[in-house]
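User: I am new to reading protein models. Please walk me through a few features, one at a time.

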Amino acid sequence: KNNKEFVISKAATAGQVTISTAVFGRGTDFFCKDKTVERNGGVHVIQTFLSEEESEEIQIMGRTSRQGKKGSYQMILLNSDLEEKFGLAREWKSTNAKKDWYNCLSNARKKHRDTVCDEIEANIAAATEKDCNTHCYFDALLASDKKAASNIFSDIYTSFKKGFIPSSIELELAFLIDITGSMAPYAHAVVATMKTMLTGSGSIMSKLNIKFPDIEFHLRVGIMGFRDIDDGSEQFVERISNEGGHFVDNDAFSIGFVDSLLHSPSGGGDIAEDLLGAIDRSARWSGPDDWTSMIKFMLLLTDAPAHGCCANVPNVDNYSVRHPCGLTPESVADSLIKNDIDLFICSYNPAATSHTEKELAMKYLSHKDNPEQREITTIP
């Protein structure tokens with residue numbers, strides 16, 4: 001640091017030539033205290049490249065004439081650089097009056113910048129479309145809609161053929177499982193659903209490997225069992241690794257953990273359960289490898305409505321007015337969107353959960369940061 005400050009202070013002294021990169025053109029104070037330099041016109045700055053942004057050029061120009069001192073500035077440019085980067089014809093100077101040279105440079109810079117911006121916007125649009133198609137494909141896959149999945153896959157495969165095909169893709173899938181007493185009749189069904197999704201020829205990985213043989217997929221699974229608000233310290237049961245993360249790639253271990261969670265479901269006082277708390281808690285997992293994948297899913301398995309989403313049915317919700325943590329369908333949707341997580345809801349009692357599903361789906365779909373109109377999917 002001291003050496004850098006010495007070089008900067010030395011640069012504005014008589015007989016000194018200092019060569020620096022563009023980074024020193026912003027915020028560096030080449031303040032001149034040398035009276036000899038001041039008598040001879042002050043610090044002279046030479047810029048040897050055309051800045052892509054006019055603001056950078058202004059900053060570089062401002063390295064001289066600091067704090068009312070004298071100074072001067074000029075550009076010395078290489079024609080081949082201007083031709084290669086900004087598309088200026090080799091004879092551009094001879095075909096324009098000298099007084100118009102800077103305007104020619106400014107116009108070339110603007111044209112170059114417009115081209116760069118157009119490319120960025122096109123890339124963003126293409127990436128958004130591919131991301132949306134990928135999410136739709138997994139939606140159809142998890143919903144067992146073979147026809148829709150096949151059609152969407154065809155579109156994805158065609159778009160990949162036109163551009164870059166990733167060699168590997170990592171996915172994260174979090175299972176949020178209601179383990180209150182009312183889920184006891186469905187315990188075996190939940191474990192069976194997990195086994196189907198994670199193992200065998202009908203698993204997610206098996207289907208992906210068949211559909212995308214050139215891509216290596218890695219699936220990591222996170223598990224949370226949840227009870228209700230009044231169950232205190234037993235409300236959330238999570239599997240956390242020694243490193244503090246929630247996701248692992250051991251399917252047998254994941255299934256075994258869920259089997260143990262559902263061995264004896266208990267808790268839950270009223271009919272409504274803390275679905276909002278479970279979703280929000282999982283979306284905020286912040287271990288070293290939590291929610292770091294390109295594709296992120298959360299699957300909620302329950303038979304109950306969420307607190308505050310019971311369609312004014314009396315005597316079913318002890319927290320119908322306000323969630324103790326202030327959670328709402330809107331705030332939960334915000335957590336999901338901000339972390340780019342798609343939510344699936346698997347209901348074992350659709351009559352009880354339908355209003356909750358509609359509330360969450362509406363807030364998720366209408367969220368201001370969901371321009372691609374991704375939706376929450378209900379699995380029948």
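User: Is His 307 buried or exposed?

Analyst: Buried means under 20% relative accessible area, exposed over 50%, partly exposed in between (1.4 Å probe, protein chains only). His 307 has a relative accessible area of 4%, so it is buried. This is a predicted model: local features need pLDDT of at least 70, side-chain atom pairs count only at pLDDT 80 or more, and totals for chains, interfaces and linings use all residues. Residues are numbered from 1 along each chain as its sequence is written, and side-chain values use heavy atoms, with hydrogens and water left out.

User: Which side chain makes a polar contact with the side chain of His 307?

Analyst: A polar contact is a pair of N or O atoms within 3.5 Å; within protein, one must be able to donate a hydrogen and the other to accept it, and residues adjacent in sequence count only if both atoms are side-chain atoms. Here the partner is the side chain of Asp 317, at 2.5 Å.

User: How do α10 and α11 cross?

Analyst: Two packed helices are described by the angle between their axes and the distance between the axes. Axes are lines fitted to C-alpha atoms, for helices over the stretch in contact, and angles run from 0 to 180 degrees between N-to-C directions. Helices (H or I, at least four residues) are DSSP runs, numbered from the N terminus. The axes of α10 (residues 275–283) and α11 (residues 329–338) come within 9 Å and cross at roughly 25°. Angles under 35 degrees count as roughly parallel, over 145 as roughly antiparallel, 65 to 115 as roughly perpendicular and the rest as oblique. The two helices are therefore roughly parallel to each other.
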